[in-house]
Amino acid sequence: MTTVALGPKDFKSELKPIWCPGCGDFGVLQALYRALSGIGRAPHEIAFVSGIGCSSRIPGYTTAYGFNTVHGRALPIAQGIKLARPELLVLVAGGDGDGFSIGGGHVAHAVRRNFDLTYLVMDNQIYGLTKGQLSPTSPHGLETATSPYGSLEDPVNPLAYVLSYGAGFVAQGTPADMPGLAKIVEEAIRYPGFAFVNIQSPCVTYGQEVQQMKVHKATMKTLASVGHDQTDRIAAMRLAQDYGKALYTGVFYRNPEPPPTFEALVRERQTAQGERPAREKILDRYLQRAT
Amino acid sequence: MARLDLRPRPALQPEYCKGCLRCVDACPKDCITQAGDLNATTGVRPVVLHLDDCNGCQLCIQACPEPYGLVPQKAPGETASGAKAPTAAHDPGEFELEDPTHLFGAKTSTLPAPVDLPGLALALPTTEPLMLKGTYAAALGALLAGCRHVFGYPITPSTEGAELMAKVLPHLGGSFVQAVSEVAAINMMYGCAGAGLPCMTFTSSPGFSLMLEGISYMIGAELPGVVMNVMRGGPGLGNIAPEQADIKLMTRGLGHGNTHAIVLAPSTPQEMLDLSRLAFELAFAYRNPVIIAADGYLGQMAGVVRLPATLTRPGLPAWAVWGDRAHRMNLVCSIQLSDTDLEAHNHHLNDKYADITKKEQRAETWLCDDAEVLLVACNTPARMAKGAVMDLREAGVAAGLVRPITLWPFPIDEMRAILTKRPRARVVVVEASPGQLEDELRLALSHAGLAPPPIQSVRRMGGVLPQRGEIVAAVLAGQDVAASGGVA
Ligand SMILES: Cc1ncc(C[n+]2csc(CCOP(=O)(O)OP(=O)(O)O)c2C)c(N)n1
Ligand code: SF4
Ligand code: SF4
Ligand code: SF4
């Protein structure tokens with residue numbers, strides 16, 4: 001592992017983002033550049049995996065190894081990478097549809113397995129890339145291209161979901177407070193285990209009025225300002241209930257005693273010396289060696 | 001001391017034993033050891049039982065992961081060799097119970113058997129032709145066929161069809177549901193179709209891939225439903241431009257198992273409407289899903305569309321799980337645990353496929369009577385091919401067009417008739433795929449026992465469509481376009 005002094009510019013690729021002007025994802029990208037320069041891992045030591053969506057374009061705009069993969073499948077793909085190359089810093093990003101609709105089934109299991117991954121969801125409560133359909137985080141009643149008379153469904157609460165799945169790090173941020181977001185993302189990356197950041201990233205083209213940057217600026221409240229204790233999961237759960245009503249930013253929960261990660265446990269098992277004889281015995285049985 | 005065996009002792013069926021030795025560890029009386037000899041049928045060493053100390057605890061039977069490795073002896077003292085290998089016809093044992101068709105025993109009912117309630121054709125007032133884009137025309141066709149339930153997941157370039165449905169269905173007593181994924185969407189169709197109602201989805205290639213599992217189940221359970229696949233460029237995410245590289249998947253790869261479905265290939269907005277209507281008729285006639293193979297260009301292209309003279313009010317098939325007393329005995333499933341039952345079911349499906357192959361081939365032929373060059377093309381490339389035929393005729397080449405409207409079954413009867421009349425004609429397959437249409441043609445020729453004519457290829461991929469000019473040039477030069485390295 002190389003730790004060198006790197007600035008935000010070192011993580012900026014040649015590609016010019018093709019997001020709509022004003023899209024919240026620009027701010028997320030800026031925050032990410034800052035966070036990565038704080039971490040100090042060289043770009044070639046980072047694998048950045050995303051699904052499909054406007055937000056999932058983000059790896060291409062960094063100098064990390066980018067994987068723009070399959071709609072909804074970024075988490076399993078990231079786990080494959082982490083198992084193959086545990087030394088890499090693996091980041092995962094995508095939209096709310098990618099993460100909580102088509103990919104929703106994978107989240108619980110990525111959390112449960114506790115790989116050292118950082119999962120950034122750019123939650124704009126709408127499908128951006130496919131031009132404005134209902135998202136799993138769209139509020140009840142929202143009129144979209146596929147719910148022209150208002151959605152009949154209640155939204156997913158990403159914060160409460162991931163907390164109850166048992167994640168060791170759960171936070172929320174908004175590009176309306178870019179330095180704050182950068183700090184949260186950096187903390188998430190530093191957490192040894194599965195870390196989730198829900199980023200309220202406005203879609204200026206298809207998103208709702210109340211979901212825009214200036215509303216965020218006016219309404220956001222840091223968790224520190226309400227006296228929240230990051231190690232209190234139940235308090236975090238209680239605050240998470242306000243998803244969609246209040247915009248809290250900061251760390252909802254950080255496990256003060258992070259359990260070993262999946263890849264560490266795998267490594268441990270691979271190197272456990274005591275198990276050799278048992279292994280031989282299994283081989284004997286299955287290979288039916290002549291006695 | 002007299003001993004009472006409360007439970008039968010185990011009998012080994014060596015041909016089912018995989019030699020895992022779990023029973024050896026399980027037996028508290030050390031009655032089981034590994035034998036020295038390989039079993040001739042399985043190629044593994046089965047265990048041997050020495051039952052002198054056996055108390056019939058059956059822990060070995062519980063430990064055995066094979067359903068029939070160790071079974072309870074029939075009568076005290078019966079030997080392993082005396083135990084009969086279970087087959088579907090006898091000794092159902094506890095595993096047979098999982099088969100839903102037998103789960104509750106033979107079903108009896110004093111109720112009258114449900115009957116097919118036929119659909120009704122209602123006259124439509126004559127209207128002026130409409131100007132519609134392809135996906136809208138297909139949605140309209142479905143509505144006219146009586147479809148009121150649409151399930152989908154957004155994907156370009158198919159989404160507008162679903163969006164239109166979301167707008168109109170609530171006014172027609174129906175509903176559109178945006179599923180969490182294509183996997184969920186196709187399974188919602190499974191449910192809705194099981195209730196006997198016409199339903200549909202709009203998707204595009206990556207989403208179609210995800211639906212294959214559900215389509216296989218629907219074919220197995222014999223359920224109707226219409227899947228509109230507006231093909232885009234692949235493989236993987238590819239792009240959103242038109243391609244035809246799902247032909248292989250739709251004609252040969254509808255999920256696992258012995259599956260086929262009629263594949264309709266429109267080439268105009270009018271046909272998007274007509275074939276979408278027809279798809280529902282065929283799906284219910286054959287109790288099988290029907291796939292509409294459109295391409296990204298057709299989905300977006302607007303054109304003049306005339307409405308038919310009638311619309312359909314759907315009936316209710318006798319097999320539907322409708323939830324009234326008459327339909328009480330109906331069961332929809334694709335599970336057949338007994339091998340002989342499943343073989344019979346496959347024979348039944350094969351008969352259906354044969355029937356479809358005989359009756360449902362469709363093609364448009366144009367200027368083929370005197371043709372020396374036969375262009376074969378479908379979907380949007382067929383429009384370019386039509387233009388090329390005109391240009392070639394002007395240049396003095398007698399060209400004609402065969403446009404398959406059903407890709408499965410391939411319209412080989414039409415092809416045979418033309419090739420019999422024009423035995424020296426050469427064929428040029430024009431497609432936006434690496435030869436998948438040509439493969440269908442070659443396979444159909446081969447099955448029909450016809451010697452293949454000389455076949456030339458004009459293929460573009462990745463969202464690039466074959467252009468009229470390049471088709472003409474290829475025909476005149478007698479040279480393939482981009483056929484090298486293909487799979488043909
Ligand atoms: C299997 C499959 N189905 C559908 C799509 C089309 N698709 C691409 S992105 C997307 C959702 C976009 O919404 P979100 O994940 O919230 O990201 P955003 O664009 O809003 O950032 C969909 C449905 C696809 N690429 N693959
Ligand atoms: S559509 Fe919305 S999410 Fe996508 S780039 Fe534009 S503003 Fe951003
Ligand atoms: S029934 Fe019990 S005692 Fe008899 S062989 Fe099986 S495990 Fe051993
Ligand atoms: S448990 Fe069953 S399969 Fe395994 S060795 Fe014993 S009889 Fe054979």
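Visitor: How do the residues of the shell around ligand 2 divide into nonpolar, polar and charged?
Guide: This is a predicted model, in which local features need pLDDT of at least 70 and side-chain atom pairs count only at pLDDT 80 or more, while totals for chains, interfaces and linings use all residues. Residues are numbered from 1 along each chain as its sequence is written, and chains are lettered from A and ligands numbered from 1 in the order in which they are written. Ala, Val, Leu, Ile, Met, Phe, Trp, Tyr, Cys and Pro count as nonpolar, Asp, Glu, Lys and Arg as charged, and the others, Gly among them, as polar. The shell of ligand 2 then gives seven nonpolar, three polar and one charged.

Visitor: Which residues surround ligand 2?
Guide: A residue is near a molecule if its C-beta atom, placed from the backbone, lies within 6 Å of it. The residues around ligand 2 are A:Trp19, A:Cys20, A:Cys23, A:Asp25, A:Cys54, A:Asn124, A:Gly128, A:Cys203, A:Val204, A:Thr205 and A:Tyr206.

Visitor: How many helices and strands does chain A have?
Guide: Helices (H or I, at least four residues) and strands (E, at least two) are DSSP runs, numbered from the N terminus. For chain A the count is 10 helices and eight strands.

Visitor: What is the radius of gyration of chain A?
Guide: The radius is taken over C-alpha atoms, and the globule rule is 2.2 Å times the number of residues to the power 0.38. For 291 residues the rule gives 19 Å; chain A comes close to that, so it is as compact as a globular protein of that length, with a radius of gyration of 20 Å.

Visitor: What percentage of the residues in chain A is buried?
Guide: A residue is buried if 20 or more other C-beta atoms, placed from the backbone, lie within 10 Å of its own. Of the 291 residues in chain A, the buried part is 51%.

Visitor: Which are the edge strands of the open sheet of five strands in chain B?
Guide: Two strands pair if DSSP finds at least two bridges between them. The order is E15-E17-E16-E19-E20, with mixed pairing. Those that pair on one side only are strand E15 (363-366) and strand E20 (455-459) of chain B.

Methods. A residue is buried if 20 or more other C-beta atoms lie within 10 Å of its own, exposed if 12 or fewer, and partly exposed in between; C-beta atoms are placed from the backbone.
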